[in-house]
Amino acid sequence: MFFHNFKYSLKTLFRNKAMIFWTFAFPIILGTFFYLAFSDIENSEKLDIIDVAIIKNEEFESNELYKAVFKELSDKDNKDRLFNIKYIDKDDEKEAKELLDNEKISGYLEFVNGKPKLTFKSNGINETIFKYVTEGIVQSAYMGRNVSETKANLKDISRKNLSYTMIEFYTLIAMTCLYGGLLGAIAINQNLANMTCQGKRIATAPVKKWQVIISSALSCYITQILGVALLFIYTIFALKIDYGNHFFKVVLLSLVGCLAGLSLGIFVATLVKAGENAKTGIIISITMAGCFLSGMMGISMKYIVDKNAPIVNKLNPASMITDGFYALYYYDTFDRYYFDLISLLIFAFILIGISCIGLRRQKYDSI
Amino acid sequence: MIVFKAFLKILNKNKSIIILYTVILVVFGGINMNASDTNTNFVASKPNVMIINNDEKNEITDNFIKYLKDNSKIIKLKNNEDAINDGLFYRDVNFVIYIPKGYGKDFMAGKNPEIEIKTTKDYKASLADMLITRYIQVASTYRDMGNTDTELVKNVNETLAKQGEVTITSKLDTNKLERITFYYNFASYSILACLVYVICLVLSSFKDIKIQKRTIISSTNYKKINRYLLLSNGLFSLILWSLYVILSFILLGNDMFSKQGAIYMLNCFVFTIVATTIAMFIGSIVLNKNAINGIVNVIALGSSFLCGAFVPMQWLPKGVLRVAHILPSYYYISTNEAVKSIETFDKESLKPVCINTLVLLGFALFFVILTNVYSKKKQKIG
C-alpha cells in the first residue's frame with residue numbers, strides 16, 4: 001500500500017502543471033533575471049579610471065609639480081593609474097564645458113590667478129577623488145618640500161568572498177525549498193476527507209493513515225529535491241554561483257531546507273481549515289515575506305533585520321537557509337552554519353509534530 | 001452596461017491583486033526616499049569607516065583619528081569580529097582600521113608601524129585608503145623634519161586644511177529627481193503586472209467556451225461587446241494610472257509640480273496605453289486561467305529586471321541593455337532617466353524623449369494589430 005500510494009501521488013504531482021511551473025521553472029527563470037540584472041553591480045563599484053580634462057594655459061605649463069603628478073597618475077603603465085586626462089588648449093575652454101555637460105568627463109581643472117580651480121557638474125565619488133588629488137598637490141606645494149615617499153604600511157586582513165550579490169541566489173534557493181510546501185499541501189489535501197473526494201475514499205478505506213500520509217509526504221519530498229537539484233545545477237554551471245567549498249554541507253543544508261518547506265506545507269494543509277486556494281495563498285505569502293526579510297528584494301534588508309531585530313530572522317525559515325549558505329560562503333568556522341541547520345530541523349519537527357496531532361483521529365459523522 | 005457590470009464583478013473579485021502590486025510600489029518606491037539636503041556647494045563623498053583603536057591616549061594617534069573622523073563617516077558596530085565581518089559583507093562599512101598598541105610612540109620613533117585593515121575593495125574603500133596614505137605621508141614628512149609631537153600635529157593639520165576651489169555647474173537637484181525617477185521606473189512593474197493580470201483574467205472569463213457560445217447567440221452584437229470590453233479595460237487602465245500618479249504626488253510631494261514631473265506623468269500615461277495593448281494581446285492568446293499568474297510574473301519581472309526598473313540602468317551589463325531594446329519598458333525607463341538630467345527644455349534636450357514616446361506608441365500599434373490578426377484567425381469555434 002505504501003509503495004502504491006507513493007507511486008500515484010508522485011504521478012499526480014508531476015501532472016500538476018501549475019505547481020511544476022512554480023517549483024521547477026519559476027526559480028530558474030527568476031535566477032536568470034537576477035543574474036542578468038546583478039552581474040555587473042559589483043564591478044561598477046570598483047574604482048574605474050576617471051575621465052577628466054585639464055585646461056592647458058601658461059600657468060599650468062609652467063607648473064612642473066602639477067604636470068608631473070598628473071602625468072604619473074594618467075600613465076598607462078602605472079598600475080595605480082587614476083585618470084584619463086584630456087588636455088584642452090586654453091582657447092577651447094568651451095570644449096571642456098561641453099564635455100562636462102555631456103558627462104564625457106567628471107570635471108576639469110583650470111588655473112586662475114595661480115590657483116587651481118575645479119569645475120564639476122555634480123557631487124560624486126569621481127569628483128571627490130579628482131578634488132582630493134588636486135588638494136594633495138596644493139598641500140605638497142604648501143609644505144615646500146618633497147612629501148615623504150613612505151607608503152602607509154597597511155595589512156589587509158579582510159576575508160575573501162565578499163560578493164554580496166550571492167545572497168540573492170541564496171534567497172532563491174530558500175524560496176524554492178519553501179515553495180516545496182505547495183507540493184506538500186497538495187499531497188496532504190488529497191488525503192483529507194474534508195478537502196477532496198479522493199480523501200473521503202481514503203478515509204473509508206482499510207489502510208493505515210500513517211502509511212498514506214508518509215508515502216504522500218515522501219513523494220513530495222522527492223519532487224522537491226529534484227526541483228532544488230535542478231536549480232543548483234543551473235546556478236552552478238550556467239550562472240557560476242559560488243556556494244563555497246563545502247559541497248556536502250551545501251547538500252545537507254538544502255535537504256534540511258526542503259524538509260522545512262515540506263513541513264510548512266503539511267502544517268498549513270492540516271491546520272488551516274480553508275479551501276485549496278487559500279492554503280496556497282498562505283504558503284506563498286509566508287514564503288515571500290520570509291524571503292523579503294532575508295534579502296531577496298534588497299540585500300541589505302537581511303542585514304538590517306539581523307542587526308536590529310535578530311530574533312525575527314532566527315524564526316524565519318527563509319533566513320535560516322540563506323544565512324546557512326552565507327555562513328558557508330563567507331566564514332571559515334561552521335558554528336553559524338550548524339546553528340542555522342539545527343534551527344531548521346527544530347522548525348521542521350515542531351511543525352510536523354503539531355500536524356501529526358492535528359491529523360490524528362479525524363472522524364466525521366457526516367461530511 | 002451588462003458587459004461593464006461583469007467586468008466590474010471580476011475586478012472586484014481580484015482587488016487583492018491590485019492592492020498587492022500597489023503596496024509593493026509604495027513600499028519599494030518609499031524605501032528609496034530618504035530625504036536629502038539640497039545644496040549647490042560641493043559635498044565630498046565620504047567612505048564608511050570603522051576605527052578600532054588599541055593605542056593608549058597620545059597626540060599623534062588622536063590627531064590621526066580626528067582626521068579620519070572629519071573626512072569619513074564613522075560607523076560604530078559591536079566590536080566583535082562577526083559583527084564587523086557582516087558589516088563589511090553588506091557594505092555597511094567600507095573600511096575597518098585597527099590601530100595597533102603603541103602606534104603613536106612607534107611612529108615618532110621613526111618607524112612605519114603596520115596597521116591592519118579590512119576593506120570591501122570598492123571605490124569608497126579606495127578613497128579611505130587614499131585618505132590614510134595621504135595623512136601618513138604628510139605626517140612622516142614633518143616627523144623626518146624633526147618636529148615634536150605638538151608641532152607635528154599643528155603642521156599636519158595646517159597642511160591638510162589647504163583645499164582647492166570647486167564650482168558646481170548643475171543647478172538641478174538630481175537627488176529629488178532621482179527619487180521620482182525611481183518611483184516611476186518601479187511603477188512600470190506594478191502597472192504591467194496589474195494590467196496584464198486583470199485584463200487577462202477578464203478576457204479569459206469572457207472566452208470561456210460556454211460563455212462565449214452564449215454571447216455569440218445573444219442578441220447583443222459582438223462588436224458592441226468588444227467595444228464595451230475595450231472601453232472598460234481602457235477605463236481600468238486610466239484609473240490605475242491616476243491612482244499611481246496621485247500616489248506619486250502624495251509620496252514625492254512638491255517635487256512633482258515641475259516640468260519634469262509633467263513629463264514623468266505623461267510618459268507613464270503612454271506606457272499605460274502600451275501595457276494595456278500588451279495585456280489585450282496576451283489575454284487573447286491565453287485561455288487557461290491557471291497559466292495567467294505564471295505569465296504575468298515572467299513578463300512583468302522579466303521586463304522590469306532587464307530594462308532597469310529595479311536595478312538602475314547604469315548598473316546593468318551592456319549586453320542586457322542591448323537585448324532590452326526589444327521591450328517597451330526600456331523606452332519608458334530611458335525617458336525617465338533622460339528627464340532626470342534635462343536642465344533646459346529645448347528641441348535638442350527633448351529629442352530623445354520624443355523618440356522614445358514614438359517608439360512606445362509604435363509598440364502599442366504593433367500589439368493592437370497583432371491582437372486583431374490573431375483574433376481574426378480564432379473567430380470560429382466548435
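Helices here are DSSP runs of at least four residues, strands runs of at least two. With that settled, a reminder that this is a predicted model.

Start with chain B. What does chain B contain in helices and strands? There are 15 helices and five strands. Now its overall form. The radius of gyration is 30 Å, while the globule rule gives 21 Å for 382 residues. That is well over the rule, so chain B is more spread out than a compact globule. The C-alpha trace of chain B spans about 105 × 50 × 35 Å along its principal axes.

Next, the domains of chain B. Domain 1 takes in 2–38 + 177–381. Domain 2 covers 48–161. How far apart do the C-alpha centres of the two lie? The answer is 52 Å.

On to the contact between the chains. Chain B puts in 62 residues, and chain A puts in 59 residues. Look at the side of chain B that touches chain A. Six elements of chain B each supply at least two residues there: helices H4 (81–89), H6 (123–144), H7 (149–160) and H12 (289–307), plus strands E4 (115–119) and E5 (165–168). Which of them gives the most? H6(B) does, with 13 residues. By class, this side of chain B has 29 nonpolar, 21 polar and twelve charged residues.

Now over to chain A, and two helix pairs.

The crossing is right-handed. From H2(A), the contact uses Thr23(A), Phe24(A), Pro27(A), Ile28(A) and Gly31(A). H10(A) answers with Gln224(A), Gly227(A), Leu230(A), Leu231(A), Tyr234(A) and Thr235(A). That makes six nonpolar, five polar and no charged residues.

The second pair is H15, residues 317–330, with H16, residues 335–359. Here the axes are 8 Å apart, at an angle of about 155°. The cut-off for roughly antiparallel is over 145, and H15(A) and H16(A) are therefore roughly antiparallel to each other. Left-handed or right-handed? This crossing is left-handed. Residues in H15(A) at the contact include Pro317(A), Met320(A), Asp323(A) and Leu328(A). They meet a set in H16(A) that includes Arg336(A), Tyr337(A), Asp340(A) and Phe347(A). The whole contact divides into nine nonpolar, two polar and three charged residues.

Notes:
Residues are numbered from 1 along each chain as its sequence is written. Chains are lettered from A and ligands numbered from 1 in the order in which they are written. This is a predicted model: local features need pLDDT of at least 70, side-chain atom pairs count only at pLDDT 80 or more; totals for chains, interfaces and linings use all residues. Domain bounds come from an automatic or database domain assignment. A crossing is left-handed if the near helix is turned anticlockwise from the far one by less than a right angle, and right-handed if clockwise. Two residues are in contact if their C-beta atoms, placed from the backbone, lie within 7 Å. Ala, Val, Leu, Ile, Met, Phe, Trp, Tyr, Cys and Pro count as nonpolar, Asp, Glu, Lys and Arg as charged, and the others, Gly among them, as polar. The radius of gyration is taken over C-alpha atoms; the globule rule is 2.2 Å times the number of residues to the power 0.38. Axes are lines fitted to C-alpha atoms, for helices over the stretch in contact, and angles run from 0 to 180 degrees between N-to-C directions. Angles under 35 degrees count as roughly parallel, over 145 as roughly antiparallel, 65 to 115 as roughly perpendicular and the rest as oblique.
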